[in-house]
Amino acid sequence: MENMVKPPVHSRKPAPDLWRGKRVLVTGHTGFKGAWLCLLLSQLGAKVTGFALPYEPGPAAYDLLGIAAHLHQNQFGDLRDAQAVATAVRSAEPDIVLHLAAQAVVGRSYRDPAGTFATNVAGTISLLEACRGTPGLSAAVVVTSDKVYRNDGTGRAFRETDPLGGSDPYSASKAACEIAVASYVSSFASTLPPIATARAGNVVGGGDFGEDRLIPDLFRAERAGQPLAIRQPDATRPFQHVLDVLSGYLLLAEDLIQKPSETPRAVNFGPDAREMSVQDVLDTVARVRGRAVNWQHADPQAIYAEAPRLAIDASLARHTLGWEPRLKEDAIFLETAEWYEAWLKGEELRGLSERAIERAISS
C-alpha cells in the first residue's frame, strides 16, 4: 500500500539560531557535497572543521567555492587512519558531526573493492569510535546512499524499513556502513550522541567534477568538444539539487538535538516528483539551455552492472522533518547549468554559489 502521508505545504528551513556558533565537524569537506555543506554552514554562522583527503587534481568545488577561507580548522587525513580520525575529532571538539567522507564512485568500487569497504565501513567505525565519550557532542548524521537497499527489480520506491543489500561493492559497502552504525547505536548508546543515517538519491549541482556522473560528464565533454558517452539512457534515478539534500541533513541533525526520541534514525531524501531517466535529464538540460545535448552510446566494454531503475520514498522526511525539495525538475537543471556555464566562461563562482545558498535558506 502506498504511503499516504502528505508532505507539508511549506518546506522547513535550517534554523540559523541553532547553527550560529556551533562547532561542526564535516568529514569529506573537499568533495562536492562536503564543500557546499561547509559554505552553507558558514552562512548559517557555524564554526566548521573539515577533515578529508586533499581534493584530486583538476577543478574542484572546494577550490572554486573558496572553502578554505570559511573553515575554522582545515584538516587533511585519511578516514582509514583511525589515529588521524581520532585526532581530528579531539581537535574539532564538535557539537555536531556530519559524516560525508566516502569512496562514492560505483565504477571505482569495482576497481578497488577492498579500498571502498575500508573507507566506507572501517572508516566510519573509526569515526564512531572517536565520537564515543566526546564531551559536548550532541548529534551525528552519517550520510550513506539510496543504493543501500536490496534492489528486488520490482521498480518500487524503497522505504527505510526495506531490507538492506547491494550487489556492487559501493552499494554493499554503504549497506554495511548502515549496519555498523545501527550496531554502534544499539551497543554503545550511553557513550554516543543521537545518531541517524541519511540516504539520498542522485544529487546534482554546480561544482560536481566526480567521475562517472551524468552532469559533470556532460560539461566535461562539452568543454573538450566531444559527444557525451551515455551508458544507459533509459536508466532512472531520483535526481535532486545539492542544496535541498544538504538542508535535509541539517534538519535531521537539528531534530536529533531537539527531540531525539521522536527523530527517525534512518531517513530517505528524494524528489517529490517522479524519478527521471537519463534521457529525461538530457532533454531537460537541452530545454533549459536552449540547445541540444550532443551524446552517443558508450562503448559496451565500458558499461558495468547498474540497476535500471532506482527510486526511494521520502515521505518520512516530509512527515517527520518538515523537509521538502525547493527546486523541481527544470529549476534543478537550470540552476546547475548556469553554474557550469559560468565555470566554462571563467567567471567568479563563490558569489554565485553564496547567492544560491541565500535563496535556499531564506525562500
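The legends below describe close-up views of a predicted model. Residues are numbered from 1 along each chain as its sequence is written, and side-chain values use heavy atoms, with hydrogens and water left out. In this predicted model, local features need pLDDT of at least 70 and side-chain atom pairs count only at pLDDT 80 or more, while totals for chains, interfaces and linings use all residues.

**View 1. An open sheet is formed by 7 strands.** The strand order is S3-S2-S1-S4-S5-S6-S11, and the pairing is parallel. Helices (H or I, at least four residues) and strands (E, at least two) are DSSP runs, numbered from the N terminus; two strands pair if DSSP finds at least two bridges between them. Strand S3 (73-76) and strand S11 (266-269) are at the edges and have a single partner strand each, so one side of each has no neighbour in the sheet. From one strand to the next, the twist averages 15°. Angles run from 0 to 180 degrees between N-to-C directions, and axes are lines fitted to C-alpha atoms, for helices over the stretch in contact.

**View 2. Strand S1 pairs with strand S2 (residues 47-52).** The two strands run parallel and are joined by 5 bridges. Thr27 stands opposite Phe51 in S2. Of the 5 residues of S1, 4 are buried, so S1 is largely enclosed by the rest of the structure. Buried means under 20% relative accessible area, exposed over 50%, and partly exposed in between (1.4 Å probe, protein chains only).

**View 3. Strand S4 (residues 96-99) and strand S5 (residues 139-143) pair, with helices packed on the sheet.** S4 and S5 pair in the parallel sense over 4 bridges. Leu98 has Val141 in S5 as its bridge partner. Helix H6 (residues 113-131) packs on the sheet and touches strand S1 (23-27), S4, S5 and strand S6 (195-200). The direction of H6 makes about 175° with that of S4. Helix H7 (residues 169-187) lies across S5 and S6, and runs at about 160° to S6. Contact means heavy atoms within 4.5 Å.

**View 4. Helix H8 (residues 214-224) packs with helix H12 (residues 329-344).** The angle is about 35°, and the axes are 11 Å apart. The crossing of H8 and H12 is right-handed, meaning that the near helix is turned clockwise from the far one by less than a right angle. From H8, the residues in contact are Ile215, Pro216, Phe219, Glu222 and Arg223. They meet Phe333, Thr336, Ala337, Tyr340, Glu341, Trp343 and Leu344 in H12. The residues of this contact divide into 8 nonpolar, 1 polar and 3 charged. Here Ala, Val, Leu, Ile, Met, Phe, Trp, Tyr, Cys and Pro count as nonpolar, Asp, Glu, Lys and Arg as charged, and the others, Gly among them, as polar.

**View 5. Several residues of H8 are buried.** They are Leu214, Ile215, Pro216, Leu218, Phe219 and Ala221. The buried residues of H8 pack against S7, strand S8 (228-230), H10 and H12. Just after H8, Gly225 takes a positive phi of about 70°.

**View 6. Arg111 and Glu211 form a salt bridge between their side chains.** The N to O distance is 2.7 Å. A salt bridge is a side-chain nitrogen of Lys or Arg within 4 Å of a carboxyl oxygen of Asp or Glu, and by this rule the count comes to 25 salt bridges. Arg111 belongs to helix H5 (residues 106-111), and Glu211 to the loop between strand S7 (203-204) and H8. The pair links distant parts of the chain, 100 residues apart. Arg111 counts as exposed at 55% relative accessibility, whereas Glu211 is partly exposed at 25%. Glu56, Arg108, Arg111 and Glu211 are linked in a network of salt bridges.

**View 7. Arg291 and Glu341 meet in a salt bridge.** Their side chains are 3.9 Å apart, N to O. Arg291 lies in the loop between helix H10 (278-289) and strand S13 (295-297), and Glu341 in helix H12, so the pair ties together parts that are 50 residues apart in sequence. Arg291 is partly exposed, with a relative accessible area of 41%.

**View 8. Tyr62 is placed in helix H3 (residues 61-64).** Tyr62 is buried, with a relative accessible area of 8%. Not counting residues up to four places away in sequence, Tyr62 touches His29, Thr30, Ala35, Tyr55, Ile67, Ala68, Leu71, Asn74 and Phe76.
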